[in-house]
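Here's a quick briefing to read alongside the model. Have the viewer open and click through the residues as they come up.

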Amino acid sequence: MAYSQYTLAQLASEIATAMEDPTSVYWSLDEIYRTIKEGLLQWGAFTSYWRERGAFNSVAGTPFYDLAAE
């Protein structure tokens with residue numbers, strides 16, 4: 001079987017079908033999308049898949065840094 005990618009909509013449809021809710025009666029598409037995104041974030045955190053290395057300058061007396069701004 002060849003490798004193929006799913007779009008977010010296709011994956012949500014597959015999950016809804018697997019949960020026996022293809023018409024989104026019990027789970028809305030927004031809930032399924034959020035669950036997929038949270039699952040990908042958890043997987044990335046556990047496997048360090050999206051890890052980036054970087055450097056920033058530290059300043060004496062500064063206890064916290066906003067790494068998103070660096």
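**Quick tour**

Aspartate 30 pairs up with arginine 34 in a salt bridge, and the closest N and O atoms sit 2.9 Å apart. Keep in mind that this is a predicted model.

**The salt bridge**

- The structure holds 1 salt bridge, so the count is quick to check by the cut-off of a side-chain nitrogen within 4 Å of a carboxyl oxygen.
- Both partners belong to helix 2, and because they are 4 residues apart there, about one helical turn separates aspartate 30 from arginine 34.
- Aspartate 30 is partly exposed, with a relative accessible area of 42%.
- Arginine 34 comes out as exposed, at a relative accessible area of 57%.

**The largest pocket**

- The largest pocket holds about 200 Å³ of space.
- Its lining is made up of Tyr3, Ser4, Gln5, Tyr6, Thr7, Leu8, Leu11, Ile36 and Leu40.
- Helix 1 (8-18) and helix 2 (29-47) are the elements that each give two or more residues to that lining.
- Sorted by class, the lining has 6 nonpolar and 3 polar residues, with no charged ones.

**The nonpolar patch**

- Met19, Val25, Tyr26 and Trp27 make a nonpolar surface patch of about 490 Å².
- Valine 25, one of the patch residues, is found in the loop between helix 1 and helix 2.
- Valine 25 has a relative accessible area of 60%, so it counts as exposed.

**Positive phi in the loop**

- Glutamate 20 has a positive phi, near 55°, and is not a glycine.
- You'll find glutamate 20 in the loop between helix 1 and helix 2, where this residue is exposed with a relative accessible area of 70%.
- Serine 24 also has a positive phi, about 55°, again without being a glycine.
- Serine 24 lies in the loop between helix 1 and helix 2, and this residue is partly exposed at a relative accessible area of 25%.

Note on methods:
Residues numbered from 1 in each chain as written. Predicted model: local features only at pLDDT ≥ 70, side-chain atom pairs only at ≥ 80, totals over all residues. Heavy atoms only, no water. 1 Å grid on protein atoms, 1.4 Å probe; cavity = no way out; pocket = protein on both sides within 12 Å on 5 of 7 lines; lining within 4 Å. Points joined across faces, edges and corners; volume = space filled by probe spheres on them. Nonpolar A, V, L, I, M, F, W, Y, C, P; charged D, E, K, R; others polar. Patch = residues over 30% accessible without salt bridge, like charges linked within 9 Å, V, L, I, M, F, W, Y side chains within 5 Å. Areas by Shrake-Rupley, 256 points an atom, 1.4 Å probe, with all protein chains shown as cover. Buried < 20%, exposed > 50% of the residue type's maximum accessible area, 1.4 Å probe, protein only.
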